[in-house]
Amino acid sequence: MELIMDKWVKPSVDISKWEFYDLSCKERDATNDQVLKDAVAAGARIGSIFKEPTITPTKEQMASMGLTKALGSPNGLMRRGWNGITISRDTIHIPGIELGFKRPVLFERHAVGGEYGAGWKKVGKGRVLTTFFPESMDEGKPIIVDGREVKDDRSCVVVYDNPLDNVEDLAHIFFQRCLEAKVVPYVVTKKTVFKWQEGFWQIMKEVFDADYKGDFLKAGLLEKTHGELQHLISDAATMQIIRWTDGGFGMACHNYDGDMLTDEVAQVHRSPGFITSNLIGKREDGALIKEFEASHGTVADLWHAHLRGEETSMNPLGMVVALLGAMDHSASLAQDPQLLQVTQHFTKCCQAAVYAAFRSGKGTRDMAGPEGQTTEQFVNWVAEELGR
Ligand code: NAD
């Protein structure tokens, strides 16, 4: 990103008002994680964020980096801090090049709840009673959610909840995006067996029937689903993702299903470098906070190869599409038509130059094969194209 900022962005864009937060493990450790809290507060204030991949350090990484304390997932704090509604993950398409899917595939992954926020303990034989206490006792008596006998010598008891208050917001975001991209919407759960997932489907369907069904019918997008919003069981969805390589569909799902299914989409679509990953949250005043990132990680193996002096070929498309998305969103929040126009001019040119590189065989090696460019060659080629 340093190369991209220096060679593509800074020559054309005034970044003096951008704010930067160093979320490296060392900086988080040194500031007692204040830097992450500052980044989350700034994100809520500004409303448009580009984030590079980060590490949630393992015990081994803590030791090797000399960290003094365990650090939580930055993504988790951001999802909570920005009232995360959904993580939108979509396929990126380069005009003129066929990747895995011919047409767009859109994903809405519920950003909260489920296994990620679970409480758990390893236990032996005994009994477990899970009781819900209403916030106010006026709202009713405690409810026993579950009572069970644990019969094995070694078990793991897990408790989690699926918050439903923001599923309506997720539904609006999803259906609007599907309409705009002209793709068929599906709602994915395992509600046939996991009965508690029924609520997610119900809310999605209510919003669809009330506000979107007519528009989808008019757009001819419900022909494959008999004129209705279709539910898809998550295990069936895993198979369809491999079969439906024509693309042209969207899936909305719970947090963990979204995590798994979008990795599958990334594989079918050639590389995690060709998938976006945008968190949409909501500020207290109702304004949307949008955080843009690539779906891949820190490409640690390539970084270590680079440090050893070896050639690397890192595909920056996912990160660049995220950066350009954050710039466009930021400019649209400023409500300054001229700023929006010049920003969009730059972001369109930059995207076109990156696509041109891939189309003319000057892409990175994950796309172009062994003849493809190194990381630095690719950045320089696009920089020259942008200068023209
Ligand atoms: P990774 O996505 O960084 O890499 C997986 C493999 O795919 C590697 O071989 C890598 O070289 C290759 N790859 C990925 N993106 C590529 C690209 N754009 N161009 C060329 N090759 C590419 O995943 P990992 O190695 O499992 O994780 C490395 C670190 O990143 C871990 O510490 C993990 O926790 C973190 N991570 C962070 C995020 C995030 O912040 N959003 C997401 C995933 C992983």
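## A buried glycine to start

G100 is buried, at a relative accessible area of 18%; buried here means under 20%, exposed means over 50%, and partly exposed is in between, using a 1.4 Å probe and protein chains only. You'll find G100 in the loop between β2 and β3 (105-110). Helices are DSSP runs of H or I with at least four residues, strands are runs of E with at least two, and both are numbered from the N terminus. Computed along the sequence, G100 and L317 sit 217 residues apart, while their C-alpha atoms are 16 Å apart in space.

A quick word on the model. It is a predicted one, where local features need pLDDT of at least 70 and side-chain atom pairs count only at pLDDT 80 or more, while totals for chains, interfaces and linings use all residues. Residues are numbered from 1 along each chain as its sequence is written, and side-chain values use heavy atoms, with hydrogens and water left out.

## Around the ligand

The ligand has 15 residues around it, and the closest are T54, G297, V299, D301 and N315; a residue counts as near if one of its heavy atoms lies within 4 Å. By type, that shell splits into 5 nonpolar, 7 polar and 3 charged residues.

Which side chains have an N or O atom paired with a nitrogen atom of the ligand? E293 does, at 2.9 Å, and so does H296, at 3.5 Å. On the oxygen side, K51 has a side-chain N or O atom 3.3 Å from an oxygen atom of the ligand. The cut-off for a polar contact is a pair of N or O atoms within 3.5 Å. Taken alone, the ligand exposes 810 Å², and the protein buries 64% of that; these areas come from the Shrake-Rupley method with a 1.4 Å probe.

V299, one of the closest residues to the ligand, belongs to the loop between β12 and α10 (300-307). V299 is partly exposed, with a relative accessible area of 28%.

A pocket is an open set of points on a 1 Å grid over the protein atoms alone, where a 1.4 Å probe fits, with protein on both sides within 12 Å along at least five of seven lines; lining residues have an atom within 4 Å of a point. Of its 34 lining residues, the closest to the centre are D90, R177, E180, N278 and F292.

The biggest contributor is α11, with 8 residues. The lining comprises 14 nonpolar, 13 polar and 7 charged residues.

## D33 is in the loop between α2 (25-30) and α3 (34-46), and Q335 is in the loop between α11 and α12. Are they buried or exposed? D33 counts as buried at 17% relative accessibility, whereas Q335 is exposed at 71%.

Q34 is placed in helix α3 and is partly exposed, with a relative accessible area of 38%. Between Q34 and L23 there are 10.0 Å from C-alpha to C-alpha, with the pair 11 residues apart in sequence.

Technical notes. Polar contact = N/O pair within 3.5 Å; in protein donor to acceptor, adjacent residues only side chain to side chain. Nonpolar A, V, L, I, M, F, W, Y, C, P; charged D, E, K, R; others polar.
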